Amino acid sequence: MSFRMKLPSADYFSDLLKAINAVADEGTFKVSADGMRLVAMDPAHISLVDFELSSSAAEEYECSGELQITVNISELLKLLKYVKSGESLTLSYSEGERKLDLIIIDATGSKQRIFTFNTLETVEARSVTPKLTFDAKARISSAAVKDAIRDCKALSDYVKITISPDEVILFAKGELGGAQIKFSRHGAAIYEIVANKEVWAHFSINYLEKIVKAGSALSDEMTMELTTNKPIKLGFPIPSGRLEYLVAPRIEGA
Amino acid sequence: MPGNLVKPCLLCRGARGLCGESPCPLFSVWRVVEEVRVPSSSLVEAPSPPSVFVGWSGYPKVRVAPSVSVGEGDARVYDAPENWLDLSLDEILRMRLSLVRGCMTVDVRRPALIEELRLVAASAKSVDMELKFSKPPRPGVKLDLNAPPLGPAGIVEKLRIVDEPRIEKPVDRVLSDSDLKASEAVLQLYSSGIPVSRIQRIFSVGGLGVEGLRRIVPTRWSITAVDSIISKSLIEDVKRLPIIDSYLFFERRVSRNTFIAVIAPYAWSYEWIEAWFPYTTWNPGAEVEVEGDWEDYRGRTTYASLGGCYYAARLATAEFMLRTRKQGMAILIREIYEGFFLPIGVWFVRENLRRMFESRPEKYDQLEDVLERISRSTRLPLSTWLNTSRLLRSLLRQTRLEVRSL
């Protein structure tokens, strides 16, 4: 069985990998005729990434059967570190060789870079994402959230996120003081709030920061879905695909 | 901090035994210092353990000081901290202060100038050396942040190596490999079983690295560089191991120090916390000072604020996990009590933790039980550790995603 996909932008694929890498160093792409999907957790089981890219995102796409391709994402990203805008990327993989080929072609078609990348053994411990329901949802500017997290990080290692019918609040408290960043539902940073009561939970900034930084490079808008003291779901809409995260809360008391 | 701590040294002044130690640790150190025999001649022939100290002041023009032992017993032990654990601090100090240093000033970029010393530093046995001083060495004690104490010193005019150093095969291989990066060379030496103290000495005299890039490295930096390089590599292997299934608790009390380790059943991460009681080496004040630093699964990119001990302890921890083939979250605590005022060197942490991790741990299933166990071992209350420790706090408060396996 084999797989081949040509993407118009190598740069974009590198950003997608960085978004996965915000949670996991290693992951298994499940590839079928419809597209590719990867679900992975960090080793401490605090965050999860659910990534999907449909075959329609590709210029050319061929896949016979279903394949699992396990790679070290951090190492793969090193190969894509120096891609320039306008360069295309073709990924191909055949099951026998267990090697992923990457062909990067520049905008004029005059230069090809061909990498061969060893894949890893797939460990057959398949897991399913937790079934969660959420009491509130907000659509918000990802850059605004990124900046708010940066402000909170100066004071604490965790942040309290509150979604109320009228606003979204990020709040941090540390030894030296506190920070509170409020986004009103009427303001430019909020696109929508769906909530009939106030919900909140605390999260480690370490995890949120990496996720929002990588996600905001891919999408100007993000969704937050939350229930009090339950995991938060962060979504970054991407064309022909899905990029969602779950982060488990810290129980800090109100 | 509670205000009920007495100022034992001030009240006691060596006469009343308030710290519970006899004889008074302060007095006994001075007695050792008084006993130091300083050679009266400007020509000294004696065995070097081997030992070569490289200072850091004046960098990049630094003092390189090979030393010879004018004390008794097997000279090799004098610069091999791996063998010091069963000696008292006084004995170690006595030994160290009978090392006479011959100092010369060398530019770190010109390690070729100390070519001969490179072989002495790398030797597996002591090497007889003749030091001709410009005038007889001055008595004195040299203390360093990371390195063990040192004794009298003088400017050396001429140095003659009297007998052949013994260079083991793996050492010879890296010394003569001019294409091997210093970090790779360190790892090769470690996996060939060369003691960390010797790797550090070879690193320091500019014996490792790609030709042209070799540098002389001040002893205090080289100690931490070697601990850091080795532990970083071991951690990559640790992260592939299965996760331990219960909490482990270790404890070691030695020379006015208490060491504690908790290994928790989660993926690799590491934290090192030091509590310096008043009137100790790095805390001249009257309040307990508590400092910690940590890293998560992905490691750290900045230098740990606590420096040398952080990396030495990380090495001992990673070695333990590799030996037992299980990974975990490691929280290490050290309390340093009144009367421990001599900077003894980072080896003290590395070797004591190695010994501690050889002991049989207590096992606990519940976090609450292991926290209670910590509070029974430390003088500071549990609340201090919960306030300082990022990892203990995360154990208490951070929930995990519940994912069903198919």
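Start by selecting chain B, which has 13 helices and 13 strands. Helices (H or I, at least four residues) and strands (E, at least two) are DSSP runs here, numbered from the N terminus. Before going on, know that this is a predicted model: local features need pLDDT of at least 70, side-chain atom pairs count only at pLDDT 80 or more, and totals for chains, interfaces and linings use all residues. Residues are numbered from 1 along each chain as its sequence is written, while chains are lettered from A and ligands numbered from 1 in the order in which they are written.

**Chain B as a whole**

Now try colouring by burial. A residue is buried if 20 or more other C-beta atoms lie within 10 Å of its own, exposed if 12 or fewer, and partly exposed in between, with C-beta atoms placed from the backbone. Buried residues make up 44% of the 406 in chain B. As for contacts, two residues are in contact if their C-beta atoms, placed from the backbone, lie within 7 Å. Of the contacts in chain B with a separation of 6 or more, 75% are between residues 24 or more positions apart.

**Domains of chain B**

Next, colour chain B by domain: domain 1 is 1–33, domain 2 is 34–161, domain 3 is 169–238 and domain 4 is 247–397. These bounds come from an automatic or database domain assignment.

Keep domains 2 and 3 of chain B on screen. Their C-alpha centres lie 21 Å apart, and 25 residues of domain 2 are in contact with 20 residues of domain 3. On the domain 2 side, β2 (52–54), β3 (61–69) and α4 (115–122) of chain B each supply at least two residues. Which of the elements gives the most to this side? Pick α4(B): it gives the most, with four residues. By type, the domain 2 side divides into 18 nonpolar, two polar and five charged residues. In that count, Ala, Val, Leu, Ile, Met, Phe, Trp, Tyr, Cys and Pro are nonpolar, Asp, Glu, Lys and Arg are charged, and the others, Gly among them, are polar.

**Ser69(B)**

Is Ser69(B) buried or exposed? Ser69(B) is buried, because 25 other C-beta atoms lie within 10 Å. Leaving aside neighbours within four places in sequence, its contacts include Ala46(B), Pro47(B), Tyr78(B) and Leu99(B). Draw a distance to Val100(B) too: the C-alpha atoms of Ser69(B) and Val100(B) are separated by 6.3 Å, though the two are 31 residues apart along the chain.

Jump to helix α9 of chain B, residues 308–324. Its 17 residues should span 24 Å, and the end C-alpha atoms are 25 Å apart, which agrees. The expected span is 1.5 Å times one less than the number of residues. In α9(B), 13 of the 17 residues are buried, so the helix is largely enclosed by the rest of the structure.

Leu367(B) is partly exposed, with 15 other C-beta atoms within 10 Å. Beyond neighbours within four places in sequence, Leu367(B) is in contact with Tyr247(B) and Leu395(B).

**Over to chain A**

Now show where the chains meet: the contact takes 21 residues from chain A and 15 residues from chain B. The chain A side divides into 13 nonpolar, four polar and four charged residues.

Select chain A, with four helices and 19 strands. Of its 254 residues, 38% count as buried.

For the last stop, pick strands β13 (residues 167–173) and β14 (residues 178–184) of chain A, which run antiparallel and are joined by seven bridges. Strands count as paired if DSSP finds at least two bridges between them. Lys173(A) has Gly178(A) in β14(A) as its bridge partner. The hairpin has four residues between the strands, and Gly177(A) takes a positive phi near 155° there.
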